[in-house]
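Hello! Here is the structure I promised to pass on to you. Have a look at it first, and then read my notes below.

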Amino acid sequence: MFQDLQSQFLGSTIGGLVAGSIYALIALGYTMVYGVLRLINFAHSEIFMIGTMTSLFILVTIAPTAPFTIFSMIGILLLLIVASALVSGGSAIVLEQLAYRPLRKKGATRLAALISAIGASLFLQEAFGLKIIPWLFDKPGRVQQPAPRFVPHEELFRIGNGVVRTDHVFVIIGAVIVMVVLDQLVSRTRIGRGIRATAQDPEAAVLMGVSIDRIVRITFLLGGAMAGVAAALFVMEYENTDYRIGFLLGIKAFTAAVLGGIGNLRGALLGGIVLGLVENWSSIFLGSAWKDVTAFVVLVLVLMFRPTGILGESLQRARA
């Protein structure tokens with residue numbers, strides 16, 4: 001066992017950082033909505049799925065062929081990121097308008113909003129599986145959809161026994177850039193101050209001239225856009241998607257948000273990375289078949305022993 005750890009540790013660490021970066025981006029959507037509305041948006045996983053379908057549709061449409069230059073790879077990836085972020089962000093706004101806003105206006109309980117989220121999630125899954133995927137790709141909707149490769153999975157360099165590939169670098173760098181931009185937007189801009197004020201005290205925010213509906217709309221837009229960026233990176237890295245792709249990844253991202261401290265942006269980033277690393281390290285000892293089980297075990301342990309998460313700081317307390 002020690003020999004396996006020694007030979008696989010660095011490779012598993014690299015894989016954990018890649019997976020954790022994607023978890024962290026999706027977790028940002030959960031943590032932002034919870035910070036503002038105190039709502040667990042379980043339909044967020046389907047916003048991610050919509051982003052993967054957007055990226056897949058673009059790749060199938062443009063049909064990229066080798067050889068690929070660094071400029072063509074970056075150009076295609078940027079196209080996927082922008083398109084998926086726009087479509088996922090727009091879908092999140094529509095979701096808020098149809099599934100959550102009517103309940104919020106009527107003063108419905110959080111349980112009602114949670115049930116609405118689950119219903120919206122199931123509706124989107126089945127809509128894509130039954131109708132939208134066959135219409136977009138002329139294929140059965142309930143099977144895995146392969147994506148064309150546009151970033152060669154070639155070795156760039158090694159760190160000990162760990163191989164760092166081109167796609168690994170693109171995922172980690174892309175995720176870090178987007179995370180830093182979002183963190184600075186929430187910490188330093190007028191929109192960010194409005195989000196933090198609404199999260200801290202909605203009534204006082206209204207008295208100060210903040211439009212709650214506008215802030216909620218922007219929050220869903222930003223959270224959805226983060227899921228779209230994660231979707232583009234996921235399709236590039238794993239080269240497939242399906243109508244239920246958001247289910248397991250959504251649970252893992254929610255686990256990451258809870259692990260870091262739900263309602264805390266930097267906590268979501270930390271939780272995603274930690275979860276990705278723990279998953280991959282556990283597979284050294286238990287085998288890859290147990291990797292998904294690890295995420296559920298982590299969620300249960302965190303809820304039992306550290307329900308506020310690692311950082312445990314709410315969105316409203318983020319520094320200006």
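Which residues do ring pairs link into a cluster? They are Tyr30, Phe42 and Phe254. The structure holds six aromatic pairs. Here, rings of Phe, Tyr and Trp (its six-membered ring) pair if their centres lie within 6.5 Å, and planes under 30 degrees apart count as stacked, over 60 as edge-to-face and the rest as tilted.

Before going on, a word on the source: this is a predicted model, in which local features need pLDDT of at least 70 and side-chain atom pairs count only at pLDDT 80 or more, while totals for chains, interfaces and linings use all residues. Residues are numbered from 1 along each chain as its sequence is written, and side-chain values use heavy atoms, with hydrogens and water left out.

Another ring to look at belongs to Phe247: the charged end of Arg244 sits over it, 5.4 Å from the ring centre. For this, NZ of Lys or CZ of Arg must be within 6 Å of the ring centre and within 35 degrees of the ring normal.

The axes of helix 5 (residues 166–188) and helix 6 (residues 190–200) come within 5 Å and cross at roughly 75°, which makes helix 5 roughly perpendicular to helix 6. Roughly perpendicular covers 65 to 115 degrees, while angles under 35 count as roughly parallel, over 145 as roughly antiparallel and the rest as oblique. The axes are lines fitted to C-alpha atoms over the stretch in contact, and angles run from 0 to 180 degrees between N-to-C directions. Helices (H or I, at least four residues) are DSSP runs, numbered from the N terminus. On the helix 5 side, the contact (heavy atoms within 4.5 Å) is made by Leu185, Val186, Ser187 and Arg188, and helix 6 brings Arg190, Ile191, Gly192, Arg193 and Arg196.

Now for helix 10 (residues 265–286), where Ser283 is found. Is Ser283 buried or exposed? Ser283 is buried, with a relative accessible area of 15%; buried means under 20%, exposed over 50% and partly exposed in between (1.4 Å probe, protein chains only). Not counting residues up to four places away in sequence, Ser283 touches Ser288 and Lys291. Val278 also lies in helix 10 but is partly exposed, at 28%. Leaving aside neighbours within four places in sequence, Val278 is in contact with Thr294 and Val298.

Finally, Ile70 in helix 3 (residues 70–105) is partly exposed, at 42%. Ile70 and Val151 are 81 residues apart in sequence, and their C-alpha atoms are 8.8 Å apart in space.

Happy exploring!

Notes: Helices (H or I, at least four residues) and strands (E, at least two) are DSSP runs, numbered from the N terminus.
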